[in-house]
Amino acid sequence: MSQLKTKHLLGIKNLDREDIELIFQTAANFKEVINRPIKKVPSLRDVTVANVFFENSTRTKLSFELAEKRLSADVINFSASGSSVKKGETLLDTVNNILAMKVDMVVMRHSSPGAPHFLAKHIDANIINAGDGTHEHPTQALLDSFSIQETCGQVEGKKVVIVGDILHSRVALSNIFALQTLGAEVMVCGPATLLPKHIRELGVKVETDIKKALEWCDVANILRIQLERQQMKYFPSLREYSNYFGVNKQLLDSLKKEITIMHPGPINRGVEITSDVADSDHSIILQQVENGVAIRMAVLYLLAGVT
Amino acid sequence: MQKRLLFDSPLLKVTISRLCQQLIEVHGDFSQSVIIGMQPRGIYLAERIKEELESLVAKDIHLGYLDTTFHRDDFRRRDEPITPSQTKIPFLIENKNVILVDDVLFTGRTVRAALDAMNTFGRPAKVELLVLIDRLYSRHIPVEANYVGRKVNTIQSQKVLVELDEKQKEDHIWLITKEE
């Protein structure tokens with residue numbers, strides 16, 4: 001018998017290795033559940049979950065909603081567009097109003113880093129961070145590491161490079177924490193303008209030559225160029241980015257080894273990754289999506305069980 | 001603490017072969033029957049029964065493992081969640097006769113959860129329950145076993161400790177009474 005040491009999933013930074021391994025073990029059981037003819041278990045039948053999305057999302061929102069429904073939870077969805085947020089309601093008021101309707105768990109995405117941490121201090125419900133600005137995206141990092149463990153046998157000792165827009169990426173930061181906690185070596189690679197200044201202090205290697213980075217790694221996690229977060233030009237053109245940092249088949253063929261390709265989605269085909277790589281046998285992009293549901297079921301289940 | 005021995009290896013062997021004979025009486029050559037061991041501890045007994053049955057009917061018998069954790073009715077009501085185990089049912093149970101196997105039948109709640117969990121794999125023709133130890137007068141719900149190794153009178157505070165040995169030499173099943 002074991003349970004998580006935390007009541008909320010705010011970031012990977014708050015988890016230790018034991019917690020992550022418990023989530024993985026539970027997720028493996030849920031992966032079996034979602035491959036059954038009837039993919040539903042009654043565990044959370046008396047739990048109501050609110051998905052509160054102040055920022056756009058397709059994959060994460062669908063994945064959470066599916067995970068909640070497969071656990072038999074009651075689900076309500078809220079998105080900021082078309083809501084009273086537009087009328088000037090504060091975050092705390094919005095969430096307190098939702099909680100007044102007797103909600104037990106809140107899954108929240110917000111454009112401000114720290115928004116879920118703020119909420120956790122003020123309300124009783126379990127909070128799951130589904131992405132807070134450029135800070136953390138813990139469930140994505142968990143499903144990424146879980147997919148690496150599934151494909152490579154283990155995460156410990158593996159070399160993982162995260163390629164692309166590290167500066168604006170919450171996926172990158174959460175991935176760095178998760179991979180390091182599990183004992184992997186991490187490198188970040190991208191244009192110097194998109195690498196945070198003091199990133200080395202997190203204990204990661206830094207590389208600006210994509211070929212060298214790919215030669216070094218076992219797994220490459222290729223991030224999307226987040227044009228919506230870039231207020232200024234960090235590189236001259238998408239075409240130039242794709243020339244210098246895009247991962248294509250020619251580049252992979254020139255390596256002396258085979259590596260696993262990951263991408264958190266949504267893919268900008270032809271920018272950070274070409275179609276022939278994204279759809280190749282080395283790519284586990286769709287496996288990541290499948291694992292996303294299992295990981296989120298595990299997180300919801302384990303947090304609901306914390307007493 | 002008092003310990004009373006309910007089964008040792010020789011007695012367990014005799015009991016298992018009796019249970020297997022009873023199973024064959026009902027299920028014949030097992031062409032329409034499958035065994036499902038309940039995680040975590042029922043699977044070891046289920047494996048032994050499968051082995052014994054296979055030597056008696058000289059054919060492969062389907063054995064699956066069923067974990068009931070996500071179907072339990074005490075989630076969020078107990079101090080800590082139970083760690084789930086693997087469910088592995090690599091065959092169809094639709095229209096099959098299913099024999100659920102567990103080591104101890106106590107309140108009956110795990111069996112209820114198992115019946116619920118099993119529904120996600122299809123609709124069996126018939127479900128039976130086999131247990132090694134039946135703790136009498138302890139049921140919270142109306143569940144009874146079809147095949148019983150031994151019936152034992154117990155009180156709520158007593159515990160049954162099952163220690164099955166892989167080599168089948170040092171098996172022990174104890175009834176433990178905590179002193180007041």
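Start by selecting Arg76(B): with a relative accessible area of 28%, this residue is partly exposed (buried means under 20% relative accessible area, exposed over 50%, and partly exposed in between, with a 1.4 Å probe and protein chains only). Arg76(B) sits in the loop between strand 3 (63-66) and strand 4 of chain B; helices here are DSSP runs of H or I with at least four residues, strands are E runs of at least two, and both are numbered from the N terminus. Its phi is positive, about 70°, although Arg76(B) is not a glycine.

Before moving on, please note that this is a predicted model, in which local features need pLDDT of at least 70 and side-chain atom pairs count only at pLDDT 80 or more, while totals for chains, interfaces and linings use all residues. Residues are numbered from 1 along each chain as its sequence is written, chains are lettered from A and ligands numbered from 1 in the order in which they are written, and side-chain values use heavy atoms, with hydrogens and water left out.

**Stop 1: another positive phi**

Now go to chain A and pick Ser72(A). This residue too is not a glycine, and its phi is near 70°, a positive value. Look for Ser72(A) in the loop between helix 2 (59-70) and strand 2 (74-79) of chain A. Ser72(A) counts as buried because its relative accessible area is 17%.

**Stop 2: two cis peptide bonds**

Stay in chain A and select Gly265(A) with Pro266(A). The peptide bond from Gly265(A) to Pro266(A) is cis, with omega near -10°. Pro266(A) belongs to the loop between strand 9 (260-262) and helix 10 (275-278) of chain A.

In chain B, select Gln39(B) and Pro40(B). The bond joining Gln39(B) to Pro40(B) is cis as well, with omega near -5°. You will find Pro40(B) in the loop between strand 2 (33-38) and helix 2 (42-57) of chain B.

**Stop 3: the domains of chain A**

Colour chain A by domain: domain 1 is 12-136 + 289-304 and domain 2 is 138-284, with bounds that come from an automatic or database domain assignment. The C-alpha centres of domain 1 and domain 2 of chain A lie 25 Å apart. Across the boundary, 30 residues of domain 1 of chain A are in contact with 27 residues of domain 2 of chain A, where contact means heavy atoms within 4.5 Å.

**Stop 4: the nonpolar cores**

Which residues touch the most other members of the largest nonpolar core? Select Ile23(A), Phe30(A), Ile128(A), Leu142(A), Ile295(A) and Leu300(A), out of 65 residues in this core. A nonpolar core is a set of buried Ala, Val, Leu, Ile, Met, Phe, Trp, Tyr and Cys residues joined through side-chain atoms within 4.5 Å. Helix 11 (residues 285-304) of chain A supplies the largest share of this core, eleven residues. Both domain 1 (12-136 + 289-304) and domain 2 (138-284) of chain A contribute at least three residues each.

Zoom in on Leu300(A). Leaving aside neighbours within four places in sequence, Leu300(A) is in contact with Leu44(A), Val49(A), Ala67(A), Glu68(A), Leu71(A), Met105(A), Val107(A) and Ile128(A). A second, separate core has 30 residues, including Ala46(B), Ile99(B), Leu130(B) and Tyr147(B).

**Stop 5: the largest pocket**

Next, select Arg41(B), Arg72(B), Arg78(B), Phe106(B) and Thr110(B), which lie nearest the centre of the largest pocket among its 35 lining residues. On a 1 Å grid over the protein atoms alone, a pocket is an open set of points with protein on both sides within 12 Å along at least five of seven lines, a cavity is a set of points where a 1.4 Å probe fits but cannot get out, and lining residues have an atom within 4 Å of a point. The volume of this pocket is about 1,100 Å³; grid points are joined across faces, edges and corners, and a volume is the space filled by probe spheres set on the points. Helix 3 of chain B gives the most to the lining, with five residues.

**Stop 6: the largest cavity**

Finish with the largest cavity, which has a volume of about 50 Å³. Select its lining: Tyr301(A), Thr69(B), Arg72(B), Asp74(B), Phe75(B), Arg78(B), Glu80(B), Pro81(B) and Ile82(B).
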